[in-house]
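This briefing is meant to be read with the sequence and the model side by side.

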Amino acid sequence: MLEELKEANEYILKKIKEKDFTILQIEQFAKENNIPIITKEVAKYLEFLIESYNVKKVLEIGTAIGYSGGLIAKILDKNGGDLTTIEIDEKRYHIALENFRKMGIEKRVNAILGDASEVLKNLNEIYDFVFIDASKGQYRDFFDNAYRLLKENGVIFIDNIMFRGYLYKEYPKRFKTIVRKLDGFIDHLYDNYNFVLLPFGDGIGLVYKREKC
């Protein structure tokens with residue numbers, strides 16, 4: 001969470017009441033095992049976009065333990081859609097599969113175990129919506145490969161793009177390369193795409209793929 005918005009986010013979080021028992025279990029597991037998942041306010045915005053635009057085909061890069069994927073697939077189950085999600089960590093991949101099963105949406109999910117940089121090159125389906133939340137140092141590569149799979153009028157949602165606020169304040173030296181890459185990536189998006197950067201959660205980037213004339 002960006003510190004400048006901490007109080008506003010705390011207010012919003014108090015208003016969000018999650019009732020799904022499995023989702024609550026996943027949140028608790030992530031907290032106890034220090035596994036990063038999207039924040040609740042970002043999750044609500046993600047759900048809002050997918051439901052409002054009646055999205056049917058979603059590509060997720062970074063399954064982790066199935067938290068965001070589960071939220072997405074619940075909506076897609078109502079829409080008659082499906083989710084393709086990619087995870088590189090085998091342990092987290094299997095935990096996600098079990099969570100999808102518990103939520104009763106496993107038939108809506110095509111979960112792939114592998115390195116997204118390689119998996120994306122072999123995908124040929126076209127998606128309405130892409131959600132990126134994986135290795136920050138590879139965001140540009142993930143985006144470039146996912147953009148070709150995005151339909152016209154589709155959206156790419158990039159989470160954690162401002163990386164704990166390190167893009168504009170002092171950061172540990174070990175993150176120098178990631179910060180440099182993300183900063184250049186944001187410049188690239190502003191210069192070449194229909195892009196907006198939103199300063200909540202840990203920074204959200206949205207790219208809209210314009211319809212060709």
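Two strands are said to pair if DSSP finds at least two bridges between them, and helices (H or I, at least four residues) and strands (E, at least two) are DSSP runs numbered from the N terminus. The model is a predicted one, in which local features need pLDDT of at least 70 and side-chain atom pairs count only at pLDDT 80 or more, while totals for chains, interfaces and linings use all residues. Residues are numbered from 1 along each chain as its sequence is written, and side-chain values use heavy atoms, with hydrogens and water left out.

**The sheet**

- Seven strands form an open sheet in the order E3-E2-E1-E4-E5-E7-E6, and its pairing is mixed.
- E3 and strand E6 (194–198) are the edge strands, and because each has a single partner strand, one side of each is left without a neighbour in the sheet.
- From one strand to the next the twist averages 15 degrees, where axes are lines fitted to C-alpha atoms, for helices over the stretch in contact, and angles run from 0 to 180 degrees between N-to-C directions.
- Strand E4 (residues 127–132) pairs with strand E5 (residues 150–159) in the parallel sense over five bridges, and Phe129 stands opposite Val155 in E5.

**Strand E2 and its crossovers**

- Five of the six residues of strand E2 (residues 82–87) are buried, so that the strand is mostly covered; buried means under 20% relative accessible area, exposed over 50%, and partly exposed in between, with a 1.4 Å probe and protein chains only.
- Strand E1 (residues 57–61) pairs with E2 in the parallel sense over five bridges, and Thr85 in E2 is the bridge partner of Glu60.
- Between E1 and E2 the chain passes through helix H4 (residues 67–79) in a right-handed β-α-β crossover, meaning that, with the strands pointing away from the viewer, the path from the first strand over the helix to the second runs clockwise.
- E2 also pairs with strand E3 (residues 109–113) in the parallel sense over five bridges, and Leu113 in E3 is the bridge partner of Glu87.
- The chain crosses from E2 to E3 through helix H5 (residues 90–103), and this β-α-β crossover is right-handed.

- H4 is largely enclosed by the rest of the structure, because 10 of its 13 residues are buried; among them are Tyr67, Leu71, Ile72, Ile75 and Leu76.
- H4 is followed by Gly80, whose phi is positive, near 75 degrees.
- In helix H7 (residues 139–147), the buried residues include Tyr139, Phe142 and Ala146, and the buried residues of H7 pack against E1, helix H6 (116–119), E4, E5, H8 and E7, contact being heavy atoms within 4.5 Å.

**Aromatic side chains**

- The whole structure holds 12 aromatic pairs, counted for rings of Phe, Tyr and Trp (its six-membered ring) whose centres lie within 6.5 Å, with planes under 30 degrees apart taken as stacked, over 60 as edge-to-face and the rest as tilted.
- Phe143 and Tyr147 form a tilted pair, because their ring centres are 5.5 Å apart and their planes stand at 35 degrees.
- Phe143 and Tyr193 form an edge-to-face pair, because their ring centres are 4.9 Å apart and their planes stand at 85 degrees.
- This second pair links distant parts of the chain, with Phe143 in helix H7 and Tyr193 in the loop between H8 and E6, 50 residues apart.
- Phe143 counts as buried at 0% relative accessibility, whereas Tyr193 is partly exposed, with a relative accessible area of 21%.
- One aromatic cluster is formed by Tyr45, Phe129, Phe131, Phe157 and Phe200.
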